[in-house]
Number of protein chains: 2
Amino acid sequence: MQQIPILKIGYFLLISIQVDMDDQVVLQLQENLTERISQEQVKGVLLDISSLDMVDSYIGRMLATLSAMSKILGAETVVVGMQPAVAMTIVELGLDLSGINTAINAERGMAMLKERR
Amino acid sequence: MQQIPILKIGYFLLISIQVDMDDQVVLQLQENLTERISQEQVKGVLLDISSLDMVDSYIGRMLATLSAMSKILGAETVVVGMQPAVAMTIVELGLDLSGINTAINAERGMAMLKERR
């Protein structure tokens, strides 16, 4: 089964989503991410979605859930790399991403996380 | 077509390989990577292969090529996250990865790149 790698750089975890997010993959990612946050010194999580050219309500919920879980464990999440077309779809579909921090790219997202520490 | 995202963190680029590397994907990655290195201030490249549970001579050559191209443009490459089984296969198959720097995880790889600057 495909697992999404979680890379640690300093106090931050970096996750680049490139594969189809079926239920199994999402559950595994939630499990791995929460485990890493609780076992290592993690202050923030960068979720890169630049590979996704489509975000539906399922993906939106997944991002919100990961973000909420991380927050409870003490790590802020920033979603980075959203394609312009994806931003348009999100607004057009009326998806609620209000609980999610976003930044245009990984560099800005990292700066945002460092500021908040 | 699937594109592999290249994330920039500080002076370093981070590439997590999670999809099948066919010729088209590899060529596109080479093009994007060399372009990013030449246009932005890049001192090093982290290539994460923790998702790969198999490395054959094709992948080995791809890693060596990316590494050599980056070097010519002034950026060191470190391949990180190799699974133990992959290391075993590489030695058993007699693949030559002598031109490639490796580190056990992204954190160590990043430390290696920072040391060399």
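Start at the contact between the two chains: the interface of chain A and chain B holds 2 salt bridges, where a salt bridge is a side-chain nitrogen of Lys or Arg within 4 Å of a carboxyl oxygen of Asp or Glu. This is a predicted model, in which local features need pLDDT of at least 70, side-chain atom pairs count only at pLDDT 80 or more, and totals for chains, interfaces and linings use all residues. Residues are numbered from 1 along each chain as its sequence is written, chains are lettered from A and ligands numbered from 1 in the order in which they are written, and side-chain values use heavy atoms, with hydrogens and water left out.

**Stop 1: the salt bridges.** Select Glu107(A) and Lys8(B). Their side chains form a salt bridge, 3.7 Å from N to O. Now select Lys8(A) and Glu107(B). Here the closest N and O atoms are 3.8 Å apart, again a salt bridge. Lys8(A) sits in strand S1 of chain A and Glu107(B) in helix H4 of chain B, so this pair joins two chains. Over all chains, the rule counts 8 salt bridges.

**Stop 2: the whole interface.** Show every residue in contact across the chains (heavy atoms within 4.5 Å). Chain A gives 19 residues and chain B gives 19. Together the chains bury about 1,600 Å², with 56% of it on carbon and sulfur atoms. Buried area is the accessible area (1.4 Å probe) that two parts lose on being put together, summed over both. Next, display polar contacts: 8 residue pairs cross the interface, both residues at pLDDT 80 or more. A polar contact is a pair of N or O atoms within 3.5 Å; within protein, one must be able to donate a hydrogen and the other to accept it, and residues adjacent in sequence count only if both atoms are side-chain atoms.

Which elements of chain A give two or more residues to the side that touches chain B? Select strand S1 (6-9), strand S2 (12-16), strand S3 (44-48) and helix H4 (106-116) of chain A. Helices (H or I, at least four residues) and strands (E, at least two) are DSSP runs, numbered from the N terminus.

**Stop 3: the sheet of chain A.** Colour the strands. An open sheet of 5 strands runs S1-S2-S3-S4-S5 in chain A, with mixed pairing. Two strands pair if DSSP finds at least two bridges between them. S1(A) and S2(A) pair in the antiparallel sense over 4 bridges. Select Leu7(A): its bridge partner in S2(A) is Leu14(A).

**Stop 4: the sheet of chain B.** Chain B has an open sheet of 5 strands, ordered S1-S2-S3-S4-S5, with mixed pairing. Strand S1 (6-9) and strand S5 (101-103) of chain B are at the edges, each with a single partner strand, so one side of each has no neighbour in the sheet. Select strand S3 (residues 44-48) and strand S4 (residues 76-80) of chain B. They pair in the parallel sense over 5 bridges. Gly44(B) has Glu76(B) as its bridge partner in S4(B).
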